[in-house]
Each structure stands twice: as C-alpha cells, then as structure tokens.
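Have a look at the structure first, then read on.

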Amino acid sequence: MRSLNPSTRAKAIEIANHLLEQGAMDKQRIVAHSVSEARQWARMGQSSAMNSGWQPRV
C-alpha cells in the first residue's frame, strides 16, 4: 500500500477494515482486493464516486 497516494491508501484501508469485519477472506486476499478496489475508486474520480454511493465489491 505504500505506493498508493494518501487518499487512495485511506480508501484501501477503509475497504480492508470493512472486509476484516465481515471475515469473508484471509488477510492477504483482503489487502490485494482492497488495493484493487481503491485504485478503481481513484480512477472513477474520488468525488463522483463518493457522491454516487459507490460501495466496494465483496
């Protein structure tokens, strides 16, 4: 996650914490999945994604 910019990293951590609460995956998969989702969120445009109610795919 060090290579992510601060806002994307924060989103990845938010997604990872959500997935950890659900207990649906092992930790390595959670990290990989959350980074992927956060990058998609960043590509979509952070403000438009937040306003549209975008939620991570689980």
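Among the contacts in the chain with a separation of 6 or more, 46% come from residues 24 or more positions apart, where contact means heavy atoms within 4.5 Å. Keep in mind that this is a predicted model: local features need pLDDT of at least 70 and side-chain atom pairs count only at pLDDT 80 or more, while totals for chains, interfaces and linings use all residues. Residues are numbered from 1 along each chain as its sequence is written, and side-chain values use heavy atoms, with hydrogens and water left out.

Helices (H or I, at least four residues) and strands (E, at least two) are DSSP runs, numbered from the N terminus. Of the 58 residues, 31% count as buried, meaning under 20% relative accessible area; exposed is over 50% and partly exposed is in between, with a 1.4 Å probe and protein chains only.

Now for a helix pair. Two packed helices are described by the angle between their axes and the distance between the axes. Helix α1 (residues 6-22) packs against helix α2 (residues 27-44) at an angle of about 135°, the axes being 8 Å apart. That makes α1 oblique to α2; the scheme calls angles under 35 degrees roughly parallel, over 145 roughly antiparallel, 65 to 115 roughly perpendicular and the rest oblique. The crossing of α1 and α2 is right-handed. Residues making the contact include Ile-15 and Leu-19 of α1, plus Ile-30, Ser-34 and Trp-41 of α2. By class, the α1 contact with α2 has 10 nonpolar, 4 polar and 4 charged residues.

Leu-19 lies in helix α1.

Lys-11 pairs with Glu-14, and the closest N and O atoms are 3.4 Å apart. Because they sit 3 residues apart in helix α1, Lys-11 and Glu-14 are separated by about one helical turn.

| Residue | Relative accessibility | Class |
|---|---|---|
| Leu-19 | 2% | buried |
| Lys-11 | 12% | buried |
| Glu-14 | 47% | partly exposed |

Conventions. Axes are lines fitted to C-alpha atoms, for helices over the stretch in contact, and angles run from 0 to 180 degrees between N-to-C directions. A crossing is left-handed if the near helix is turned anticlockwise from the far one by less than a right angle, and right-handed if clockwise. Ala, Val, Leu, Ile, Met, Phe, Trp, Tyr, Cys and Pro count as nonpolar, Asp, Glu, Lys and Arg as charged, and the others, Gly among them, as polar. A salt bridge is a side-chain nitrogen of Lys or Arg within 4 Å of a carboxyl oxygen of Asp or Glu.
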